[in-house]
Amino acid sequence: MIEGVHFRPDWSGPGDVARKLVHVNLSDLAASGGEARWCLLNLGVPVAHDDTTPGKERRPSAFLPAFAAALREELTHNDCELIGGDTFRAPAYFLTLTMGGPTPRRLTRSSGRQTDSLYVTGELGGSRRGQRLLEQAGAQELTKLRESNDPAIQKHLRPRARLEWARKLREDPRVHAMMDVTDGLLQDAERLGRASRLELTVELERLPAAPDCSVEAALLSGEELELLFLAEGGLEFDFPCREIGRAAGGAPGLRLTRNGVAVAPPEHPGFEHFAR
């Protein structure tokens, strides 16, 4: 997570950054059937010049203690030990967490079957809506909005990995392939289909859009940390989860339909890692 790319310091406090850093990694591991037990932290820290003492530099003091305390708390809560890493000077905060642990049952993106249905947990679109609310807020509104309990703000600034749901899915032999939604359902479902060499159909009318979110927002919203998986059709679970489409043996990738009619995907696919 890089300051100015993955988080904005005027939106996210150091505790928010630490918790998000942990949960995006927990989510990746859980979606693969794993459990976090150790991690390595690479921490790039910006250094500002101290104008009062020529030749000396001043290290930022406010961010690091709060970040470290929140990181320690989150890792302890999830039984994950920080075993090493590196620190270095950087032009902005640069945070990389590498996490690993045992895999009771390995789930990949490439194990889907032609007879599977496509499912997603929770609701989609909240993170994108939260981002829009923060972008539109004036300076006076921003602090109040950041500290609010608005689900969209929480989803964008403080996403939580679906750990318990992932464990239940991992233990269900009817579940064949899984990943988490980080770049938006549109891109991630396409990746899942290509990895499993399947044509996946997403039925737009079945998408679980979050309150006040459009179908397009549900398709494009990134960093949702919901679980996207291929499993036998017609399944029901004891947590929020919806069957949103199906797999077939056509050209690997993704197609969209609305009420049985094929529709074109949005012109912009959502978050792009190398876009300016």
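**Reading a pocket, a sheet and a residue**

Tutor: The second largest pocket holds about 210 Å³ of space. Keep in mind that this is a predicted model.

Student: Which residues lie closest to the centre of that pocket?

Tutor: The lining counts 16 residues, and E123, G126, P151, A210 and P211 are the closest to the centre. Next, look at the elements. Two or more lining residues come from each of α3 (126-136) and α5 (151-157). The most come from α5, which gives 3 residues.

Student: How many lining residues of the second largest pocket are nonpolar, polar and charged?

Tutor: There are 6 nonpolar, 2 polar and 8 charged residues.

Student: Now the sheet. What is the strand order?

Tutor: The order is β4-β1-β5, in an open sheet of 3 strands with mixed pairing. To find the edges, count partners. β4 (81-89) and β5 (94-100) each have a single partner strand, so one side of each lacks a neighbour in the sheet. Neighbouring strands are turned by 10 degrees against each other on average, direction ignored.

Student: How many bridges join β1 to β5?

Tutor: There are 7, and the two strands run antiparallel. Strand β1 covers residues 38-45.

Student: Which strands does helix α1 touch?

Tutor: Helix α1 (residues 14-31) packs on the sheet and touches β1 and β5. Its direction makes about 35 degrees with that of β5. Helix α2 (residues 63-77) lies across β1, β4 and β5, and runs at about 170 degrees to β1.

Student: Let us take one residue. Where does F94 lie?

Tutor: F94 lies in strand β5.

Student: Why does F94 count as partly exposed?

Tutor: Use the cut-offs: buried is under 20% relative accessible area, and exposed is over 50%. F94 has 33% relative accessibility, so it counts as partly exposed.

Student: Which residues does F94 touch, leaving out those up to four places away in sequence?

Tutor: F94 touches M1, I2, N42, L43, G44 and F88.

How values were computed:
Residues are numbered from 1 along each chain as its sequence is written. This is a predicted model: local features need pLDDT of at least 70, side-chain atom pairs count only at pLDDT 80 or more; totals for chains, interfaces and linings use all residues. Side-chain values use heavy atoms; hydrogens and water are left out. On a 1 Å grid over the protein atoms alone, a cavity is a set of points where a 1.4 Å probe fits but cannot get out, and a pocket is an open set with protein on both sides within 12 Å along at least five of seven lines; lining residues have an atom within 4 Å of a point. Grid points are joined across faces, edges and corners, and a volume is the space filled by probe spheres set on the points. Helices (H or I, at least four residues) and strands (E, at least two) are DSSP runs, numbered from the N terminus. Ala, Val, Leu, Ile, Met, Phe, Trp, Tyr, Cys and Pro count as nonpolar, Asp, Glu, Lys and Arg as charged, and the others, Gly among them, as polar. Two strands pair if DSSP finds at least two bridges between them. Axes are lines fitted to C-alpha atoms, for helices over the stretch in contact, and angles run from 0 to 180 degrees between N-to-C directions. Contact means heavy atoms within 4.5 Å. Buried means under 20% relative accessible area, exposed over 50%, partly exposed in between (1.4 Å probe, protein chains only).
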